[in-house]
Structure formats: structure tokens, C-alpha cells
Amino acid sequence: MLTERDASFMGAALDLARQGLYSTHPNPRVGALVVQGENIVGRGAHLFAGEAHAEVIALAEAGATARGATVYVTLEPCSHQGRTGPCADALIDAGVARVVVAMQDPNPLVAGQGIARLRAAGIPVDLGCGEAESRALNPGFLQRMEKGRPWIRLKQAISLDGAVALGNGQSQWLTGTLARADVQKERARVSAIMVGVGTVLADNPRLAPRLEVPLRRYPVKVVLDTQLRTPADAALFASPGTVWLAHGPEVSAVKRRTLQKAGAELLALPLDGVRLDLRALLQLLAGKQINEVLVEAGPTLASALLRADLVDEWLVYVAPMLLGQGARAVVQLGPFARLAEAPRWQSRGFELLDNDLKWTLRPQEN
């Protein structure tokens, strides 16, 4: 039976899991505690794919004191041999007395088998303590396993009157220094950053996080570029991170060779009308182990994703300014004849960043 004590220790394990926020791709963020009596004797966080999992690190710190202990882990211990050994076996070999697991791992290679292995060895397992927090920490990994596509986080900066740029296209900078620094953190946590080729041509972005401490892993840069219009000398080729150009079925062989020489990996996609098939793209990205995608979109790409119901989270940075008549609207949807037809969103959080507001939204649940 789960207790308040269990919830407290699981909260500490979740804090450890957050240490991997920027680094665990494509693996989930997982933390583990080994508790003997009222004392934490081992702590572990999975930080990098291919390196030790949280349970193994925590057991190593605990040493002999792990025998008879309770282990708290934020995701079901793995039961298969990957780049590291099965964590369920490590827990059994250490002689732990009980395991508390936040949630079952939906990965088909695990999917309850780790818990079953522990129970078969006579170790009681309690499931569900801190599940909501664990899910919130790993939305992309879980969605990739459960639905076969990455988590799409749409990011836009807007004015108070709902515009992203002046009528002449000028948009730098709507928001202040603190908001722009926050975007760098959002970039760093994801598996991929996605833009349309229009953004590349207009702004020539680097699309690489700029943080005080260099990253060990940089997100992939994905450009939706039906006709391969990305210049071979674009700034994104000179910044850290692999470049993937998603293009249509009919493109120039010369453009292909030129961009491949510049360092691009080309992803051929079918068309949905005159535009790239977004669902096919997300399925392809999932197959490449992409968990979370930050889409830095102009109105055209944002509208396409919203119309296709492919936005899982919307980060809106609101600048307290008015862009006025003729400004470019944040999205182009509708027209709607009745308010009941208009999509509604749920507010999931607000954060004041100096003079700007960061607004986190999710689609309203039916």
C-alpha cells in the first residue's frame, strides 16, 4: 500500500530524473532512490543514452546497504539487454526488498515485463506513485511508444493583438532578453527543432541552442522544404546539430547533391495536396527515435499543424506591444460560423519573464 512517505521519496526520485532533461535523448528521463529505513543510501539519474541507468547508479552508491532496501524508480525497470543490462535483474541481484514504480514503461521491449520479473523473484512492486509527474517529464518518449509519433511543441512569439510580425515581415525582436533565453532552454530539451523553409530564407537562423554550458547532445534541425530551396550556405549548416531537409518527391538532382555536400540529410516525403504530408513526416521522425519536437513556426506551418490536430503543446510568448493594422496574424484558421466551432485550449501555466508572458497551452480535452 502506498503512503505519504512513498510519495515523498518518489518526489525526490523525480527531481533526480529532471537532471536528464537536456541529455537523455532518445531515452526517457528516469531517477531512482535506494532507501534503507528512513535513510537514502543510493541516488541515480539516467543522463545519457548508452550509459548506466538510474537504478544501476543508485545501487552502486548504496552498495551492500541495498539488501533489504526499498527502491523508488520513476519508470518501470527495463527487462531487456540493450546498450546496458536489464535493471530488473540488477535489482534482484542486489537483494532489494521492495520496489515502488511511478509508471509502467510502454516500450514494447519492457511493457510490464520488468515488473513481472521482479514479482516472480518474490519482490513486491507498488505501481502508480507519481505517475502523472513521470508522464509530464517524458511526453515525447511516451507518445512515441504509445502513438507512434513525437510530441509536438509549437513555439510562437506574439503581440497583444495576436500578430507575429508587422505587415512588412519585421519580427525581431518582439520579446525581450529573458524570454529569448527561455527559448534556448526549450530548444535544448527537445530531440529536434523544426521550421519551414520560409523561416530559413527570411531569418537565416542557426537553430542551435545557445546556453552558457555547451551541450553534449544538440537537437536535430528539421526544415520542411518541399522544393529544396534552403541555401547551401545557410547558417544552420555552420552551427552544432545535424540538418535534415524534408522534401517532396520531385526535386532537382543538382539541388540534392549540393545540399548533401553542405551536410544535409535528405528525407523524401509524399505530398498532401501541394504541401508535405505532415503525418508521414512525424511517423518518419518517430522511426528515427525523435521524442520531442520544438516547432518554431510562422503562420503557415503553425496553421497546417493546427488544422491537422498535430499540436500537443503550444508555447506562446506574449510581448506587451501592439503591431497594429496589417500585421501578420499568428495563425490562419477558419472562418468559423459559430463560437462552438472554434478550437479551445487549456491553460497549463503562466510565467512572467521580465516584461513578457510565457503561456503554456494544451488542446482542450473533450
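1. Which cysteine sulfur is closest to that of cysteine 78, and how far away is it? In this predicted model, the answer is the sulfur of cysteine 87, at 3.7 Å. That is too far for a bond, since a disulfide needs the two sulfur atoms within 2.5 Å. Cysteine 78 is also buried, with a relative accessible area of 8%.

2. Cysteine 129 is buried, and its relative accessible area is 8%. A search of the whole structure turns up zero disulfides.

3. Now to the open spaces. The second largest pocket has a volume of about 1,000 Å³. It is lined by 33 residues, and the closest to its centre are Pro139, Trp151, Glu313, Arg348 and Arg362. Elements giving two or more residues to this lining include the helices α5 (131-137), α6 (139-147) and α7 (177-189), and among the strands β6 (151-159) and β15 (313-319). By class, the lining of this pocket has 17 charged, 11 nonpolar and five polar residues.

4. The structure holds one cavity of 30 Å³ or more, and the largest cavity has a volume of about 100 Å³. Of the 16 residues lining the largest cavity, Thr24, Asn27, Arg29, Asn291 and Glu292 are the closest to its centre. Sorted by class, that lining has seven polar, five nonpolar and four charged residues.

Methods. Residues numbered from 1 in each chain as written. Predicted model: local features only at pLDDT ≥ 70, side-chain atom pairs only at ≥ 80, totals over all residues. Heavy atoms only, no water. Buried < 20%, exposed > 50% of the residue type's maximum accessible area, 1.4 Å probe, protein only. 1 Å grid on protein atoms, 1.4 Å probe; cavity = no way out; pocket = protein on both sides within 12 Å on 5 of 7 lines; lining within 4 Å. Points joined across faces, edges and corners; volume = space filled by probe spheres on them. Helix = DSSP H or I, 4+ residues; strand = E, 2+ residues; numbered from the N terminus. Nonpolar A, V, L, I, M, F, W, Y, C, P; charged D, E, K, R; others polar.
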